[in-house]
Amino acid sequence: MPTKVIMPQLGESIVEGTVVKWLKGPGEKIANLESLLEVETDKVVSEIPSPAEGVLLAALIPEGTTVKVGTVIGWIGRPGEKIPESDKPAAAAQPEKAMFVPTETGATGPVEAHELGFISPVVAKIAREKKVDLQRVKGTGQGGRITKKDVLAFLEAGPQAGAAIWETPADGDLFRPTELVFAKDDAAKAQGGQAPAMIPGNHFVPHTTIRKQIAERMVFSKTTAPHVTTVMEADLSRVAAHREASKAAFARDGANLTYTAYLVAATVTALKAYPMVNSSWEETGLRIHPAISIGMATSLGEEGLIVPVIKNADGLSLLGIARAVNDLAERARSHRLQADEVKDGTFTITNHGVTGSLFATPIINQPQCAILGVGLIQKRVVVINDAIAIRPMVYLSLTFDHRILDGASADRFLSKVVDCLENWA
Amino acid sequence: MPEMTLVDAVRLALDEELERDPNVFVVGEDVGKRGGVFRATVGLIDKYGAERVIDSPLSEASIVGVGIGAAIYGMRPVCEIQFSDFIYPAFNQIINQAAKMCYRSGGEWTVPMVIRAPYGGGIGGGLYHSQSVEAFFTNTPGLKVVVPSNPYDAKGLLKSAVRDPNPVLFFEPKKGYRLIKGEVPEGEYTVPIGQAKVSREGADLSVFAYGMMHYYCLEAAGTLAGEGINVEVVDLRTLYPVDRQTILASVRKTGKALVVYEANLTGGYGAEIAASIAEGAFTDLDAPVRRLAGPDVPAMPYSHPLQDWFMLNPEKIAAAMRDLAAY
Amino acid sequence: MDLSKETLLEMYWTLLLARRTDERAWALHRQGKIAFHISGIGQEAAQVGAAYAIKRGYDWVAPYYRDLAMMMALGLTPYEFMLGLMGKKGEPSSGARQMPSHFSLKRANVVSLSSPVASHNLHAAGIALGIKMRGEDRIVITSIGEGSTAQGEWYEAVNWAAIHCLPIIFIVQNNSYAISEPIQKQMAVPSSADKACGLGLPGVTVDGTDMLKVYEVVQTAVSRARSGEGPTLIEARAYRLTPHSSDDDDRSYRSREEVDEHKKDDPLLVTQRTLQAQKYLTKAKIDELESKAIAAVDQALADAAAAPYPEPADAAFPVYAEEVQHA
């Protein structure tokens, strides 16, 4: 009995997902739990593991198509196994979307020069020695592979097996979907590319799922919370010195010690001191979150941005934070985040300084209370005890929900962050 | 012909060899009055005395090391390691001493001895009473490594091992000690070391196994015969030196090879068989050479479901056979 | 003392010849003519004294790598030792397969030695077991450095010998260092002979620079062993006058003053003085033997240098007893 592949619910609020890429082709072997396809939902692109072991009998949903959670998107089973009729997409309804559906014979038809698939050493040897045209041998192995038995049976069958190509009766189906005649890649080319970035000079770029989500979220946040931004600057001399002294030791422990780790650590300290900032506004009251989970806005370039969350950051050492920062950033950029890794943040940090910005007024990541913007770290002239000094400085912009915090309490929180950074020990 | 268990065949071989040659003696933990924890030496002390059926102190290195000295002196020791899991304290003696003695002395000194050790899992033995340790020894020239899979071979191979002028490791499938029964002819016969045996003929694929796994493979092959798949089963019997000729002949016939072993997959003995097939029969292959083995966790766990997860069985083997047959 | 003047002079000669051969090996190494040498200088009196207490060629010996003087007492010639140093064909220990000083000499019942220390003590116990099982009156003598008495296999061997009352003598040549480690870092007892009391056999400590005292102590142990009274553990105390091996620099762990102090007790000089006091040895005789020894070493070196190397193909054999051509 073949096993259904369904569009999974990647997170509690997710209702649909887009097939980004099939990682296995029709007929290809797949192990249980081996990655089968990439699905994009909400803000996550995730690899979906196969629900069973076998071969991919059918990939029903073409790449780029969005379907509801729970939709059957493919089938896994034994080679040649039939999939239940009711679950095949109706050919008439959406023929352009059917990527591959096995024919009744389980193999491609007797076209003049079909793909032979893998030829094993012994089949190659027999073919060479007995001068067998393998195009004429019908394969019965996995994915229609020609087995040793097939070629021996072909030889045993004698002359009629070697009949001229025009004497081999066709299956009578003259007009078949081109996908079934041509290789998958050719079919894709024939359809024309759909990737938005591939259209030079076009006036219209269709929204990606991520872009749509970002837009919705930003508008929602701006219209929900009254945004106020307060800015302070911090002297990072001690942080820089500590980082220089500790980098090598952290590297031995497998962590790349970045400034972000210090900013997360300082923010956690301040949130512990001012738990009101670690909260969410609700209709009837303020929900103060017991755990501190820091979202870390990570740019994916043109694709948009994603906010992986360092869960329970208040329980992590600087090393633990550094590791989490490295790991989440790395996996965010390679689309390997799990759905729940972008959820349940209680505070967000956005490091806009990496693109040269000195300070900014970021938008709150709902339903959080505030977001900390971190500007470019640059050496600036500052006055210390009436003397002029050159120090690595950074502007920290805190955008907060004015429903929750007043200016003074927001400033106390931000002062605490600054204080923690400037007096790093 | 009388039918007997594998462990009875082992005891019978020891009895006959002790009777035949006064230089032969048995040494190991609890081999005397107790007759061995698996009862493989039961009754021998009464027949041959405590001088020739020696209860050793609880130290494996000494069982083997003293055996080596005695063998050098011309005796024929049959050393018993109580469980193959406990063989490691004797590792230096086996690998550095017994295996290399002939070579390192230019042939002046040789070590005619047998080291018997029950091996394998499926008996609720946990991490340290279930191991299959053959791969640690099958890359050591100078040793011979033998694993019988049935009572007939157990007796015939053990007698050959006792008479062999070299150190022979004789791994006995302990799960099969009383489970595996078979006919053993009365009287003198031996089974030569170094020869594999086609134990079931078939045309669709070749399966290579030894010891307990060979027993399971025969069972699985029987199941597949009912499905129209004819499996050839080869009992390797001697792992080192390996009988490549018989292995390659079988692969040339069927074009497909599955190697089944109970030890951990990676670096296991089956890897050597797979490599030999790839080297020696590449142009006869109709499918990739496959290995079915224990998982790569440190050893077999104790709890029943955990043990079952680790341990191969006829069902798992049949599934692998089916899969390869369908390739 | 039952030693005649002739025997005593022969013992002195053996000691002297071993010393000059050993010294020449150091020179050959520093000349870049050989790859390795490990020395017995400082321990020769203990070795020769022990060797002369047994029936050489009748009793069995499992020596260790510093036993050059013992080996010469058992018949190894400077030429044969030089063949070993240079890795030349016909080297009697191993056919030049092993590093130098990994002694074996079948004609003298000397059993092959490997590099992991204390491995061979178990073989000695096994040989003693074989002797006992056959009811023969041979004995076994096995030596080892004091550092190696920390090895489990050494304890296991002594334990076996004590349990089974085996005809064996364990000689520990305490040369004060295990490579760089002084005795305090190797054991918590003042003498390794003290370890005997925990294992149930007599333990005796003797001045290893005094050839005659060692002879006496070993002779007592030999008669005990031969008469079935069991094993003896003897520590012969000496001082390693050279670095551990040709690859060692002992200046990193001991002072020149310390070494110079011990040179006063150089067993060669001690033996000379003893024999001079007994009027067996005169200044003229000393000089005569000295030039004879140098000439013997020169000749051995010339002959060994002229000897051929083994054929590369000799490296392929004999892995198994069946491949031993002369067997």
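The legends below describe close-up views of a predicted model. Local features need pLDDT of at least 70 and side-chain atom pairs count only at pLDDT 80 or more, while totals for chains, interfaces and linings use all residues. Residues are numbered from 1 along each chain as its sequence is written, and chains are lettered from A and ligands numbered from 1 in the order in which they are written.

**View 1. Contact between chain B and chain C.** The contact takes 35 residues from chain B and 36 residues from chain C, two residues being in contact if their C-beta atoms, placed from the backbone, lie within 7 Å. On the side of chain B that touches chain C, the elements that give two or more residues are α3 (60-72), α4 (91-98) and α5 (101-104) of chain B. Helices (H or I, at least four residues) and strands (E, at least two) are DSSP runs, numbered from the N terminus. With nine residues, α3(B) gives the most to this side. By class, the side of chain B that touches chain C has 15 nonpolar, 16 polar and four charged residues. Ala, Val, Leu, Ile, Met, Phe, Trp, Tyr, Cys and Pro count as nonpolar, Asp, Glu, Lys and Arg as charged, and the others, Gly among them, as polar.

**View 2. Contact between chain B and chain A.** Here nine residues of chain B are in contact with 10 residues of chain A. The chain B side that touches chain A divides into five nonpolar, two polar and two charged residues.

**View 3. Helix α2 of chain A and its two faces.** In α2 (residues 148-157) of chain A, the buried residues are A:Lys148, A:Val151 and A:Phe154. A residue is buried if 20 or more other C-beta atoms lie within 10 Å of its own, exposed if 12 or fewer, and partly exposed in between, with C-beta atoms placed from the backbone. A:Glu156 and A:Ala157 are exposed residues on the face turned away from the buried side. Just after α2(A), A:Gly158 takes a positive phi of about 75°.

**View 4. Helices α1 and α2 of chain C.** Two packed helices are described by the angle between their axes and the distance between the axes. For α1 (residues 5-30) and α2 (residues 44-51) of chain C, the angle is about 135° and the axes are 10 Å apart. Axes are lines fitted to C-alpha atoms, for helices over the stretch in contact, and angles run from 0 to 180 degrees between N-to-C directions. The angle makes α1(C) oblique to α2(C); angles under 35 degrees count as roughly parallel, over 145 as roughly antiparallel, 65 to 115 as roughly perpendicular and the rest as oblique. The crossing of α1(C) past α2(C) is right-handed. A crossing is left-handed if the near helix is turned anticlockwise from the far one by less than a right angle, and right-handed if clockwise. From α1(C), C:Met11, C:Thr14, C:Leu15, C:Ala18 and C:Arg19 meet C:Glu44, C:Ala45 and C:Val48 of α2(C). This contact has five nonpolar, one polar and two charged residues.

**View 5. Helices α4 and α10 of chain C.** Helix α4 (residues 78-86) packs on helix α10 (residues 283-306) of chain C at an angle of about 45°, with axes 8 Å apart. The two helices α4(C) and α10(C) are therefore oblique to each other, and their crossing is right-handed. C:Pro78, C:Tyr79, C:Met82, C:Leu83 and C:Met86 in α4(C) meet residues of α10(C), among them C:Ala296, C:Val297 and C:Asp303. The contact of α4(C) with α10(C) has 10 nonpolar, no polar and one charged residues.

**View 6. Cis peptide bonds in chains A and C.** A:Gln366 and A:Pro367 are joined by a cis peptide bond with omega about 0°. A:Pro367 sits in the loop between β15 (347-350) and β16 (370-374) of chain A. In chain C, a cis peptide bond with omega about -15° joins C:Phe317 and C:Pro318, and C:Pro318 lies in the segment after α10 of that chain.

View 7. A:Asn312, a residue other than glycine, has a positive phi near 45°. A:Asn312 is in the loop between β14 (309-310) and α8 (318-333) of chain A and is partly exposed, with 17 other C-beta atoms within 10 Å. C:Ile179, also not glycine, has a positive phi near 50°. C:Ile179 lies in the loop between β4 (177-178) and β5 (181-182) of chain C and counts as partly exposed, with 13 C-beta neighbours inside 10 Å.
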